[in-house]
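Please read the following report alongside the sequence and the 3D structure.

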Amino acid sequence: MLLPSICEIRSGYTARGRLEAAQSGGVLAIQLGDVAPEGRVQVGHLTRLLIDAPPDRYFVRAGDVLFRSRGEKTTAAAIPQEFPEAALALLPLIVLRPQHGSLLPEYLAWAINQAPAQRHLEASARGTSMRMIPRSAFEDLNIDVPDLHAQRLIVETAELAGRERKLASEIADKRYRLVHAALVAAATHPAHHVERKMK
């Protein structure tokens with residue numbers, strides 16, 4: 001299905017002038033650096049900025065999807081359900097708001113991060129040193145949309161696979177460190193290790 005038929009697509013807010021952190025009050029904001037390249041909104045990193053009355057249409061909430069339109073990794077991330085309050089999404093983020101009841105935000109983010117969608121978006125990329133995906137690239141983006149049950153299964157399976165990969169990487173790293181620690185010990189006291197092996 002073409003994305004505009006199942007999803008509202010908006011650009012983030014364009015800030016005028018230098019952005020300053022608010023000592024008190026201010027507007028909770030989500031910037032490019034708050035969306036991790038692997039597709040996760042880093043809620044604990046958000047800051048409040050001194051921005052005077054931005055329009056409501058630039059605010060995002062749980063259920064919306066944010067797309068990193070600039071940088072080496074142009075990926076999407078769903079705003080988690082435990083998100084504390086509405087926040088202002090700043091350019092170069094692009095906001096995707098899926099139709100409630102037909103498209104899960106987590107599935108939409110997953111679909112955008114897969115190879116078929118990434119190839120489509122890459123074909124519209126602009127710039128060399130500072131690569132950027134324009135908002136117009138989403139106008140003819142086609143994604144497969146199974147029923148909600150299938151969407152949930154895909155999202156859950158993808159999350160489990162990601163955890164498994166992370167754990168496997170951590171185990172491999174610890175094994176590597178243990179082996180090299182043993183080799184350093186053997187190099188430091190070679191005779192001692194030889195004697196132990198001979199007993």
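## The nonpolar cores

Of the 25 residues in the largest nonpolar core, those touching the most other members are Leu-3, Phe-67, Leu-96, Leu-108, Ile-112 and Phe-138. A nonpolar core here is a set of buried Ala, Val, Leu, Ile, Met, Phe, Trp, Tyr and Cys residues joined through side-chain atoms within 4.5 Å, and buried means under 20% relative accessible area, with exposed over 50% and partly exposed in between (1.4 Å probe, protein chains only). At least two residues of this core are supplied by each of S1, S7, S8, S10, H1 and helix H2 (115-123), and the largest share, five residues, comes from H1. These helices (H or I, at least four residues) and strands (E, at least two) are DSSP runs, numbered from the N terminus.

Leaving aside neighbours within four places in sequence, Leu-3 is in contact (heavy atoms within 4.5 Å) with Ile-9, Leu-96, Leu-108, Phe-138, Leu-141 and Ile-143. Apart from this core lies another, of 14 residues, including Val-35, Val-41, Leu-66 and Phe-83.

## Basis of the model

This is a predicted model, in which local features need pLDDT of at least 70 and side-chain atom pairs count only at pLDDT 80 or more, whereas totals for chains, interfaces and linings use all residues. Residues are numbered from 1 along each chain as its sequence is written, and side-chain values use heavy atoms, with hydrogens and water left out.

## The sheet

Four strands form an open sheet in the order S1-S10-S7-S8, with antiparallel pairing; two strands pair if DSSP finds at least two bridges between them. Strand S1 (7-11) and strand S8 (76-78) are the edge strands, each pairing on one side only. Neighbouring strands of the sheet are turned by 25° against each other on average, direction ignored. Helix H1 (residues 105-112) packs on the sheet, where H1 touches S1, S7, S8 and S10, and the direction of H1 makes about 170° with that of S8; such angles run from 0 to 180 degrees between N-to-C directions, with axes fitted as lines to C-alpha atoms, for helices over the stretch in contact.

S10 (residues 93-98) is joined to S7 (residues 65-68) by four bridges, with Val-65 opposite Leu-96, and to S1 by five bridges, with Cys-7 opposite Pro-98. Six of the six residues of S10 are buried: Leu-93, Val-95 and Arg-97 point one way from the strand, and Ile-94, Leu-96 and Pro-98 the other way.

## Packing of H1 and H3

H1 and helix H3 (residues 148-188) pack at an angle of about 65°, with their axes 9 Å apart. The contact is made by Glu-106, Tyr-107 and Trp-110 of H1 together with Gln-151, Ile-154, Val-155 and Ala-158 of H3.

## Two residues compared by setting

Ser-69 lies in the loop between S7 and S8 and counts as buried because its relative accessibility is 4%. Not counting residues up to four places away in sequence, Ser-69 touches Thr-74, Pro-92, Leu-93, Ile-94, Arg-131, Met-132 and Ile-133.

Leu-2 lies in the segment before S1 and counts as partly exposed because its relative accessibility is 44%. With residues up to four places away in sequence again not counted, Leu-2 touches Glu-139, Asp-140, Leu-141 and Asn-142. Leu-2 and Leu-93 are 91 residues apart in sequence and 20 Å apart in space, C-alpha to C-alpha.
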